[in-house]
Amino acid sequence: GFIVSPDGAVVTNYHVISNAKDIKVKVGDKVLDVEGLIYTDKENDLGILKAKGEKLPVVKLGDIANANVGEKVYVISSPEGLENTISDGLLSGIREITSDKKILQITAPISPGSSGGPVFNKNGEVIGVATFLIKEAQNLNFAMPVNLVKDKNESKKVIALRENGIEDYEKTAEYWFDIGFAYGESGQPKEAIEAFKQAIRINPDYEEAYYNLGNADYKSGQYKEAIDAYKQAIRIKPDLAEAHNGLGAAYGKLGMHKEAIEAFKHSIRIEPDIAETHTNLGANYGMEGLYKEAIEEYKQAIRIKPYYTNAHYGLGLTYFIMNDRGSALEEIKILQGLDPYLSEKLFNRIYK
């Protein structure tokens with residue numbers, strides 16, 4: 001953990017203190033008693049303790065809005081009990097797990113015992129809380145954004161541990177959801193599927209778990225199972241555009257283009273400005289021989305995202321199918337400046 005106020009507010013992971021009946025905080029050579037909890041956020045695996053202390057040294061908190069992928073990061077923690085170990089690496093990604101939940105992906109090595117440790121940027125500001133790792137992929141580690149606990153330590157209300165009802169975190173749906181996400185990011189969809197299923201067993205109405213289960217099934221080539229998972233996510237949250245989009249993609253893989261078209265159209269009604277969705281809709285219109293409709297969708301994708309190469313490629317190919325070689329050639333020229341490989345691929349399909 002790390003201290004965020006001189007009077008003893010300490011940020012850590014929820015899972016570090018889960019099931020705790022008594023907690024101590026070691027600060028240098030001192031061991032401080034914990035009065036209770038100021039704040040808990042089980043969904044994001046975060047908590048703030050109130051230790052008995054005064055004039056304690058504090059860290060400076062940063063802001064992930066100012067963080068850049070690729071920048072250097074440093075983790076100070078106690079991996080395997082080795083206190084104050086520092087490791088360094090890169091901020092390799094800021095992943096959006098759900099519409100309102102982000103997670104930091106870092107290459108700085110962490111191990112069991114690192115949980116709750118601060119992730120610093122090059123300016124010595126804490127931007128994250130080291131949370132979990134995938135043992136099979138040591139350079140794929142995760143941290144929760146520090147923004148989630150900013151200003152949460154200002155509460156004067158301290159809840160005693162015995163009254164807080166801290167659960168065993170490994171028995172929560174949130175734990176299994178995070179593990180599933182991590183497995184998915186590390187290219188282990190089968191393990192991700194089992195983790196998401198466990199999250200759903202604990203919380204049958206967890207729409208984001210169903211949606212991510214659909215993604216994992218899709219990556220595994222299990223398109224029928226993906227369709228079932230996406231439908232469950234939509235049942236719980238009908239306006240989850242990502243699930244409608246995933247559903248359309250899975251239908252498309254099974255050659256069910258009419259169903260795919262309806263799913264993509266539904267996604268666009270919810271979120272009309274996603275170029276990728278318009279492009280996917282255009283591709284499925286094309287598979288149904290609805291070329292004019294396909295052209296309109298590709299053009300709409302390009303209006304939203306002018307340099308979206310997949311839309312230019314699909315548009316050029318559709319123009320060729322409609323015997324409009326002049327317009328197809330224009331798309332080849334545009335692609336030449338954006339992606340020479342796709343430009344050549346389109347040229348070869350049309351002229352060879």
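Modeller: What follows is a discussion of helix packing and strand pairing in a predicted model.

Biologist: Why are helix 8 and helix 9 called roughly antiparallel?

Modeller: The axes of helix 8 (residues 257-270) and helix 9 (residues 275-287) cross at roughly 155 degrees and come within 9 Å. Angles over 145 degrees count as roughly antiparallel, and therefore helix 8 is roughly antiparallel to helix 9. The crossing of these two helices is left-handed.

Biologist: Which residues of helix 8 and helix 9 make the contact, and how do they divide by class?

Modeller: Helix 8 contributes H257, A260, I261, F264, K265, S267 and I268, while helix 9 contributes T277, H278, N280, L281, N284, Y285 and M287. By class, this contact has 7 nonpolar, 6 polar and 1 charged residues.

Biologist: What makes helix 12 and helix 13 roughly antiparallel to each other?

Modeller: Helix 12 (residues 325-338) and helix 13 (residues 340-351) pack at an angle of about 155 degrees, with their axes 6 Å apart. Because the cut-off for roughly antiparallel is an angle over 145 degrees, the label applies to helix 12 and helix 13. Their crossing is left-handed.

Biologist: Which residues of helix 12 and helix 13 make the contact?

Modeller: From helix 12 come R325, A328, L329, I332, L335, Q336 and L338, and from helix 13 come P340, L342, S343, L346, F347, I350 and Y351. These residues divide into 11 nonpolar, 2 polar and 1 charged.

Biologist: Turning to the strands, what makes strand 1 and strand 3 the edge strands?

Modeller: The sheet is an open one, formed by 5 strands in the order 1-2-5-4-3 with antiparallel pairing. Strand 1 (2-5) and strand 3 (24-27) each pair on one side only, and they are the edge strands. Neighbouring strands of this sheet are turned against each other by 45 degrees on average, direction ignored.

Biologist: How do you know that strand 4 and strand 5 pair?

Modeller: Two strands pair if there are at least two bridges between them, and strand 4 (residues 30-41) and strand 5 (residues 46-51) have 6 bridges, in the antiparallel sense. As one example, the bridge partner of Y39 is I48 in strand 5.

How values were computed
Residues numbered from 1 in each chain as written. Predicted model: local features only at pLDDT ≥ 70, side-chain atom pairs only at ≥ 80, totals over all residues. Heavy atoms only, no water. Axes fitted to C-alpha atoms, helices over the stretch in contact; angles between N-to-C directions. Helix = DSSP H or I, 4+ residues; strand = E, 2+ residues; numbered from the N terminus. Parallel < 35°, antiparallel > 145°, perpendicular 65-115°, else oblique. Left-handed = near helix turned anticlockwise from the far one by under 90°. Contact = heavy atoms within 4.5 Å. Nonpolar A, V, L, I, M, F, W, Y, C, P; charged D, E, K, R; others polar.
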